[in-house]
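Colleague: I am new to this model and would like to know what stands behind the words used for it. Please take me through them one at a time.

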Amino acid sequence: MPHSIDESFTALPLRALADAALARARSLGADHADFRFERVRSAAWRLRDARPAGSSDTTDLGYAVRVVHGGSWGFASGVDMTPDAAARVAGQAVAMARLSAQVIAAAGSDERVELADEPVHDDRTWVSSYEISPFDVPDADKTGLLAEWSGRLLAATGVDHVDAALLTVQENKFYADTAGTSTTQQRIRLHPHLTAVAVDPKSGEFDSMRTIAPPVGRGWEYMTGTGWDWDAELAEIPGHLAEKLRAPGVEAGAYDLVVDPSNLWLTIHESIGHATELDRALGYEAAYAGTSFATFDQLGTLEYGSGIMNVTGDRTTEHGLATIGYDDEGVAGQSWDLVKDGILTGYQLDRRIARLTGFERSNGCAYADSPGHVPVQRMANVSLQPAPGGPSTEELISGVERGIYVVGDRSWSIDMQRYNFQFTGQRFFRIENGRLAGQLRDVAYQATTTDFWGSMTAVGGPQTYVLGGAFNCGKAQPGQVAAVSHGCPSALFRGVNILNTTQEAGR
């Protein structure tokens with residue numbers, strides 16, 4: 001049954017504060033004004049070797065007013081929940097816009113902020129897809145389950161230590177603007193993960209292996225088996241870790257790769273997700289690893305990858321971490337093409353960038369991570385589409401004579417244009433004559449974005465598709481953090497450059 005908005009949130013004076021703020025902004029001549037009230041509750045539990053190691057439970061509550069006045073942005077935020085205080089915050093936002101206009105004029109710029117049109121969405125509500133809120137589950141049940149899982153791993157031969165953690169978030173937002181849009185939303189998300197550590201007592205060497213279960217836009221039901229087989233994963237980790245500790249280092253060179261969704265989601269995030277943020281491609285954003293090689297003049301012509309590459313941006317995917325009903329500019333969630341048949345065909349947009357570049361409408365990518373931050377253009381759920389009727393992961397592997405099967409994400413590095421990158425993983429299996437032939441260590445794959453995606457010769461079918469993602473995508477200055485999902489099937493890449501990380505580190 002769909003959930004309703006938490007009554008403790010709707011009981012707050014949301015409409016009264018919004019009406020006071022928007023009325024004040026109008027009276028001061030704002031061309032546009034929006035009001036956003038947020039309550040974000042974040043709770044986390046951490047265990048070390050099945051014993052509690054720390055916990056936290058915090059709530060960020062407040063509101064913000066953003067205006068366009070005289071062609072410039074203005075922004076201010078507050079926590080005093082009276083209409084008079086909200087009106088004062090609106091006045092501060094207008095004053096900031098006036099000051100910004102003076103600074104921009106002094107710099108010799110005549111650029112004005114204008115927003116793409118959006119239909120009015122009056123009095124709309126939206127709640128993400130989940131069954132049981134983790135905040136309705138007793139803390140003892142959360143730590144008890146993590147301890148039980150940790151105990152299973154610790155009981156296995158060769159596992160010396162286990163770290164376990166659970167992160168949970170409930171995000172409530174109320175939005176209203178001078179065009180007449182008003183929305184109220186509630187999102188639930190959580191991220192459980194465990195890391196097993198093994199130490200060789202003779203050599204002193206050690207290694208670790210983390211669960212590959214992704215963070216999700218689900219509730220507590222995820223912890224009890226809905227959407228992931230925890231029993232199977234926990235049973236597999238000790239054996240994989242023991243084999244990894246004994247595995248030989250990889251011989252550097254060119255290999256065919258079969259990349260599991262548990263690894264490929266991160267490559268999508270770094271080389272496609274950030275690269276197709278249009279503010280980066282235009283040079284308006286350069287924080288957290290720079291701008292983008294996929295510049296706006298290449299829209300419709302850039303060969304991003306092979307002809308089987310189809311990537312969508314999506315704010316509507318069920319259980320997606322970046323899934324919303326309406327973004328922080330009142331734009332309804334949508335799905336659209338970013339790469340079609342290997343060609344760059346779209347970008348991620350907010351209302352200002354959409355209007356600036358001639359798009360009729362934003363695709364709903366404005367987001368602020370707290371009431372004290374201004375909305376910025378943030379990533380949608382960016383996903384590589386599977387091939388209808390496509391092969392299984394085993395069938396992809398069977399077509400490789402000499403290669404590597406990559407599972408799980410670990411470290412990554414990418415240049416300031418989102419072009420030259422290097423990724424490692426949790427597990428690497430040697431492929432010989434279409435069969436897995438044991439694990440390898442010290443593996444990293446390196447390529448340029450277009451070469452890598454251009455080498456993709458097969459994508460798996462829907463049965464291989466998994467929605468991965470992260471809670472901690474960073475962007476902007478001051479820095480903001482957003483959660484985002486990336487779905488993908490298993491995929492086959494030919495002739496990718498493989499590095500031995502130990503040898504590279506010794507050079």
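Modeller: Thr393 is a place to start; this residue sits in helix H9, residues 393-398. Helices (H or I, at least four residues) and strands (E, at least two) are DSSP runs, numbered from the N terminus. The model is a predicted one, in which local features need pLDDT of at least 70 and side-chain atom pairs count only at pLDDT 80 or more, while totals for chains, interfaces and linings use all residues. Residues are numbered from 1 along each chain as its sequence is written, and side-chain values use heavy atoms, with hydrogens and water left out.

Colleague: Why is Thr393 called buried?

Modeller: Buried means under 20% relative accessible area, exposed over 50%, and partly exposed in between (1.4 Å probe, protein chains only). Thr393 has 12% relative accessibility, so Thr393 counts as buried.

Colleague: What is Thr393 in contact with, leaving aside its neighbours within four places in sequence?

Modeller: Contact means heavy atoms within 4.5 Å. On that basis Thr393 is in contact with Val258, Tyr405, Thr464 and Ser490, leaving aside neighbours within four places in sequence.

Colleague: What makes the pair Thr393 and Ser490 a polar contact?

Modeller: A polar contact is a pair of N or O atoms within 3.5 Å; within protein, one must be able to donate a hydrogen and the other to accept it, and residues adjacent in sequence count only if both atoms are side-chain atoms. The side chains of Thr393 and Ser490 are joined by such a contact at 2.7 Å.

Colleague: Is Glu171 buried or exposed, and why?

Modeller: Glu171 is buried, because its relative accessibility is 5%. Glu171 lies in strand E5, and a polar contact of 2.8 Å joins its side chain to that of Tyr367. Beyond four places in sequence, the contacts of Glu171 include Arg39, Gln185, Arg187 and Arg189.

Colleague: What makes a set of residues a nonpolar core?

Modeller: A nonpolar core is a set of buried Ala, Val, Leu, Ile, Met, Phe, Trp, Tyr and Cys residues joined through side-chain atoms within 4.5 Å. The largest one here has 58 residues, and Phe35, Phe37 and Val67 touch the most other members. Among the elements that each supply at least two residues of this core are helix H2 (14-27), strand E1 (32-48), helix H3 (83-106) and helix H5 (230-246). Not counting residues up to four places away in sequence, Phe35 touches residues including Leu14, Leu22, Tyr63 and Phe174. A second, separate core has 55 residues, including Val259, Val339, Ile414 and Met456.

Colleague: How do you know how H2 and H3 pack?

Modeller: Two packed helices are described by the angle between their axes and the distance between the axes. Axes are lines fitted to C-alpha atoms, for helices over the stretch in contact, and angles run from 0 to 180 degrees between N-to-C directions. For H2 and H3 the angle is about 35° and the axes are 8 Å apart. Residues making the contact include Ala16, Leu17 and Ala20 of H2 and Pro83, Ala86 and Ala87 of H3.

Colleague: Which hand does the crossing of H2 and H3 have?

Modeller: A crossing is left-handed if the near helix is turned anticlockwise from the far one by less than a right angle, and right-handed if clockwise. The crossing of H2 and H3 is right-handed. H4 also passes H5 in a right-handed crossing; the axes of H4 and H5 come within 9 Å and cross at roughly 30°.

Colleague: What is worth noting about the phi of Asp123?

Modeller: Most residues other than glycine have a negative phi, and most peptide bonds are trans. Asp123 is not a glycine, yet has a positive phi of about 55°. Asp123 is in the loop between H3 and E4, and counts as exposed because its relative accessibility is 58%. Arg418 also has a positive phi, near 60°, but Arg418 is buried, with a relative accessible area of 2%. Arg418 lies in the loop between strand E15 (402-414) and strand E16 (420-432).

Colleague: Where is the cis peptide bond with omega near -5°?

Modeller: That bond runs from Gln477 to Pro478. Pro478 lies in the loop between strand E20 (466-475) and strand E21 (480-488).
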